[in-house]
Amino acid sequence: MKSTSLSLIAGTVALAAVTGFAALTAPGDGDTTQAGAATRLPVERSSLLCPAPGLSELAETTYTSFTPAGGGGEAGTAELLQSTATTADDATTGDENDESKDKSKDKDEEDKGKKKADPEKPVVSLKEPGKPATADVSGGDAPALVGTATGRLAPGWTTQQTTTVEVGSSRGLLGVSCTGPDTDFWFPAASTAKSREDYVHLTNPDDTAAVADIELYGPDGTLKSDVGEGITVPARSSVPVLISTLTSEAAEDVTVHVTTRTGRVGAVVRAADEATGSDWLAASADPTGTLVLPGIPADATSVRLVAFAPGDDDADLKVKLLGKNGAISPAGHEDLHVKSRMTAGVDLKDITRGEAGSLLLTPADGGKGTPVVAALRVVRGKGDGQEVGYIPATGPVGAQATAADNRAKGTTLSLTAPDATATVKVTASAGSEGGEQAVKTYTVKGGTTLAVTPPVPVGLKGSYALTVETQSGGPVHAARTLALPQDGIQMFTVQTLPDDGGTVEVPAAEQDLSVLDD
């Protein structure tokens, strides 16, 4: 008989290394934590992917990279590099033919004569926690970015991409929090309508190609497509896919489902409308029975809710607006029935009526409910002064969440406590060019939304980051609105603040498991 000792810590370290989200160190000899207990440690590696902002030669893009202070750990790096520029025509599917290969070769010959930026030179490089680093890019040819943070710069690392286009069909203030790589994304509130031009941007951070599938679901179910399967995203490259080219069916409300067969990608949708401009649509939180969509502006002139139930069961939902004084049910839209694998859309009009709020979707029967995904299409302004933004369902702030690229004016922070009253601490970081951090604590009553002008760093120069930490009470969901009015148009963008995943739960001490062999 022999005994083999297995270390749970070794297994956890191996898993973290495989996923790429964290590299962990076992406790030292002096650790006195009880065997088998769990603890939370800062991650030591994070990855982010920013989509190509290319919209117009008039586009002005700012990247703001930030890691909250206090994470500890060894010195590290946090850099975002250019990906290989790849067009939708360059992406290949399983049906690629010799003609498409010849076109690709011709394009390669064209590109040989063009001067290219050094792909090894970081576009933005963060030097220290607690102080943002920024970079500006002009024009429509800026590529997607691929980045990694290590050491003490990894826990809570975030990057905001903010693009301003003042005129044209792509006009707007487009904001997106750069995403981590994954294998599954849901995007309600996309469209294949003639007035829309929506692109799914797929970015591959790895050194081998990824293969993705894109499924589209309209009000009557699956939108037939023969070209959404087997889309190859080359190593460290980005591919934009115009979703209206994937199907011949036009639909106002479409849910986009992106999955990968091999590899990982970052995915985000750039939605553009002829009348209301453009913005980024980030992925909804994973399907669940209860959803929170925080941060609807007080002056919203139109709010459209789009929901989708990906499973075999229909979903019946209660719809409530959580305002500063409590919850109300929108007249005529108190309930929403979502058929299985069919996209449901409902026009809530000017639901906020001068009071900022958040939407809460709960199961009609009060139980666990059918899993759904959801997003809001929000319009501010009227006539030629309309501007659009998108708010996906999001998870709670959890331990900590951050929104970068806040300005001295134009920033609103929305805090929603759908259940019990909660207290959060909000830290305004030092400015990117100067200033000292400021801290303020807020109490959010259960069932309400608190919309505030957040603290601003003392002596602010440049932009700053806002970090929200849950202190006590129930879960809090948050969103940051950045408004930059331009020539009478209420340009704005909304980013949600889910938990940044800056820590990971691991065994605190080695546990001995014995495998007995005869």
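Colleague: How many salt bridges does a search of the whole structure find?

Modeller: The search finds 14 salt bridges. Keep in mind that this is a predicted model.

Colleague: What makes arginine 40 and glutamate 505 a salt bridge?

Modeller: Their side chains meet at 3.9 Å, N to O. The cut-off is 4 Å between a side-chain nitrogen of Lys or Arg and a carboxyl oxygen of Asp or Glu, so the pair of arginine 40 and glutamate 505 counts. Arginine 40 lies in strand E2 (residues 38-42) and glutamate 505 in strand E40 (residues 503-507), so the bridge ties together parts that are 465 residues apart in sequence.

Colleague: Why is arginine 40 called partly exposed, and why is glutamate 505 called exposed?

Modeller: Exposed means over 50% relative accessible area, buried means under 20%, and partly exposed is in between. Arginine 40 has 47%, so the label is partly exposed. Glutamate 505 has 53%, so the label is exposed.

Colleague: How do you know that glutamate 252 and arginine 304 form a salt bridge?

Modeller: The N to O distance between these side chains is 3.7 Å, and the rule asks for a value within 4 Å. Glutamate 252 lies in the loop between strand E17 (237-242) and strand E18 (254-262), and arginine 304 in strand E22 (residues 300-308), so this bridge ties together parts that are 52 residues apart in sequence. Glutamate 252 is partly exposed, with a relative accessible area of 49%. Arginine 304 has 15%, which is under 20%, so arginine 304 counts as buried.

Colleague: What makes aspartate 299 and arginine 380 a salt bridge?

Modeller: The closest N and O atoms of aspartate 299 and arginine 380 are 2.8 Å apart, so this pair also meets the 4 Å rule. Aspartate 299 lies in the loop between strand E21 (291-296) and E22, while arginine 380 is in strand E28 (residues 373-380), so parts that are 81 residues apart in sequence are tied together. At 38%, aspartate 299 falls in the partly exposed range. Arginine 380, at 9%, is buried.

Colleague: Which residues are linked in a network of salt bridges?

Modeller: Asp213, Glu229 and Arg261 are linked in such a network.

Colleague: How do you know that cysteine 50 and cysteine 178 form a disulfide?

Modeller: Their sulfur atoms are 2.0 Å apart, and the rule takes cysteine sulfur atoms within 2.5 Å, so the pair qualifies. By this rule the count comes to one disulfide. Cysteine 50 lies in strand E3 (residues 45-50) and cysteine 178 in the loop between strand E11 (172-177) and strand E12 (184-190), so the pair ties together parts that are 128 residues apart in sequence. Both cysteines are buried.

Colleague: Why is the disulfide of cysteine 50 and cysteine 178 called right-handed?

Modeller: The torsion about the S-S bond is about 110 degrees, so the disulfide is right-handed.

Colleague: Which residues form the negative surface patch?

Modeller: Glu60, Asp136, Glu166 and Asp487 form the patch. Asp and Glu count as negative. Patch residues need over 30% relative accessible area and no salt bridge. Aspartate 487 has 72%, so this residue passes the area cut-off and is also labelled exposed. Aspartate 487 sits in the loop between strand E38 (477-483) and strand E39 (492-496).

Colleague: What is the phi of lysine 349?

Modeller: Lysine 349 has a positive phi of about 55 degrees, although it is not a glycine. This lysine lies in strand E26 (residues 343-349) and counts as exposed at 54% relative accessibility. Arginine 353 has a positive phi too, near 50 degrees, and is likewise a residue other than glycine. Arginine 353 lies in the loop between E26 and strand E27 (357-363). With 69%, over the 50% cut-off, arginine 353 is exposed.

Note on methods:
Residues numbered from 1 in each chain as written. Predicted model: local features only at pLDDT ≥ 70, side-chain atom pairs only at ≥ 80, totals over all residues. Heavy atoms only, no water. Patch = residues over 30% accessible without salt bridge, like charges linked within 9 Å, V, L, I, M, F, W, Y side chains within 5 Å. Areas by Shrake-Rupley, 256 points an atom, 1.4 Å probe, with all protein chains shown as cover. Charge placed at Lys NZ, Arg CZ, Asp CG, Glu CD. Helix = DSSP H or I, 4+ residues; strand = E, 2+ residues; numbered from the N terminus. Buried < 20%, exposed > 50% of the residue type's maximum accessible area, 1.4 Å probe, protein only.
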